[in-house]
Structures are given as structure tokens and as C-alpha cells.
Amino acid sequence: MAESLRTQAGPWCGGLTDSSVVIRASVLRSVTRARAIVAEDESLTTNVTVHDAVSLWADPRRSYRHKIATFVPTGLQAATRYLFRLELDGDANKALPGSFRTAPALGTGAGFRFALSSCAKPKLFGGTRPEAYKAIAGMSDLLFFFHLGDLHYKNVDDESLEPRLEAYDDTLRREG
């Protein structure tokens with residue numbers, strides 16, 4: 001399936017609140033229209049909302065070969081698990097699915113779990129993915145994951161944006 005994807009890396013989520021989230025993905029430069037389909041079930045049929053990309057950023061110098069699609073679903077219910085798919089140029093089967101859980105309602109007491117780790121050890125250093133990442137990936141009840149640093153080891157010694165974005169793409173699309 002990876003050959004048919006129109007994403008280079010992602011999607012990934014951040015900027016989580018009790019009623020919104022930011023979703024991003026590195027998509028092929030040829031993508032001209034992107035939407036996020038968000039729902040409360042895997043079949044994307046329960047409480048469905050559709051959110052156009054707020055940005056399909058392309059490097060104006062064209063040194064970065066992809067675009068960064070950004071979505072900001074809002075109006076979501078607090079403490080709710082959501083699943084989503086990106087629809088790229090009308091096709092919802094050309095990107096990996098994703099999920100997130102909104103934060104507890106602002107001002108209410110609630111318990112939650114989160115994970116943190118660092119050093120996304122690449123194959124270059126003799127590993128595929130540290131055991132910690134495998135364990136974290138298996139935790140379905142986390143509210144969020146916080147990466148502490150060393151997401152990639154490219155040691156980019158260049159002021160341009162392209163090698164930095166490529167380093168993130170390489171790390172985020174790695175399966176191992």
C-alpha cells in the first residue's frame with residue numbers, strides 16, 4: 001500500500017485542546033486539495049465532520065519537494081477518541097489513517113496518561129526502533145506523547161529548510 005500513498009510522512013497530531021487538534025502531513029507536491037474526515041468510529045460514520053486544509057504549504061524556492069498539509073478540526077467533544085482519514089484530491093485511501101483523543105474539558109478534574117521518550121534510534125545506529133517506542137505504540141489509552149529530543153540524527157549543518165524537513169520525513173515514515 002505504501003507505493004500508492006500520496007503522503008511522504010504522517011499524518012501526525014499536536015496542539016491538542018478539549019475541542020480541537022492540529023493535524024499535519026507531508027503530502028506529494030501534486031496534491032491540490034486536502035480535507036480531514038474526522039469521526040468517532042473507524043468506519044467514519046459516527047458524528048462525522050470534514051475539515052478543509054487551512055494550509056497546503058509549498059516551499060516557494062521549491063527546494064523541499066513536498067507540501068505540508070495542515071488541518072485544524074474544531075468544535076470537537078472533550079475527552080473523546082476520534083479517528084480520521086485525509087482525503088487528498090478527493091481520494092480518502094491515499095493516506096494512512098490516524099487517531100487522537102481530545103483533552104478533558106477545560107476546568108474539570110480528570111485523570112489521563114501520557115508517554116514521553118527521546119532518541120528515535122535510526123538504522124544507521126544499529127537499530128530499527130527502541131523498545132520504548134514499540135511499547136508506546138501499543139498503548140491505546142494515551143492522551144498524548146511528548147518527544148523530548150533527538151527525533152532524527154541527521155546533524156543538519158545547513159541553514160536551508162529543505163534538509164530539516166527531509167530529516168523529519170525520513171524519521172516519521174520509518175516503520176522499524
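Phenylalanine 144 is part of strand E10, strands being DSSP runs of at least two residues, numbered from the N terminus. The model is predicted, with local features requiring pLDDT of at least 70 and side-chain atom pairs pLDDT 80 or more, while totals for chains, interfaces and linings use all residues. Residues are numbered from 1 along each chain as its sequence is written, and side-chain values rest on heavy atoms, without hydrogens and water.

With 33% relative accessibility, phenylalanine 144 is partly exposed (buried is under 20% relative accessible area, exposed over 50%, partly exposed in between; 1.4 Å probe, protein chains only).

The whole structure contains 3 salt bridges, each defined by a Lys or Arg side-chain nitrogen within 4 Å of an Asp or Glu carboxyl oxygen. Aspartate 89 pairs with arginine 6, with closest N and O atoms 2.8 Å apart. Aspartate 89 lies in the loop between strands E7 (81-88) and E8 (98-101) and arginine 6 in the segment before strand E1 (7-14), so the bridge ties together parts 83 residues apart in sequence. Arginine 6 is buried at 18%. A salt bridge also links aspartate 59 and arginine 61 (4.0 Å, N to O); aspartate 59 is buried at 4%, whereas arginine 61 is exposed at 56%.

Conventions:
Helices (H or I, at least four residues) and strands (E, at least two) are DSSP runs, numbered from the N terminus.
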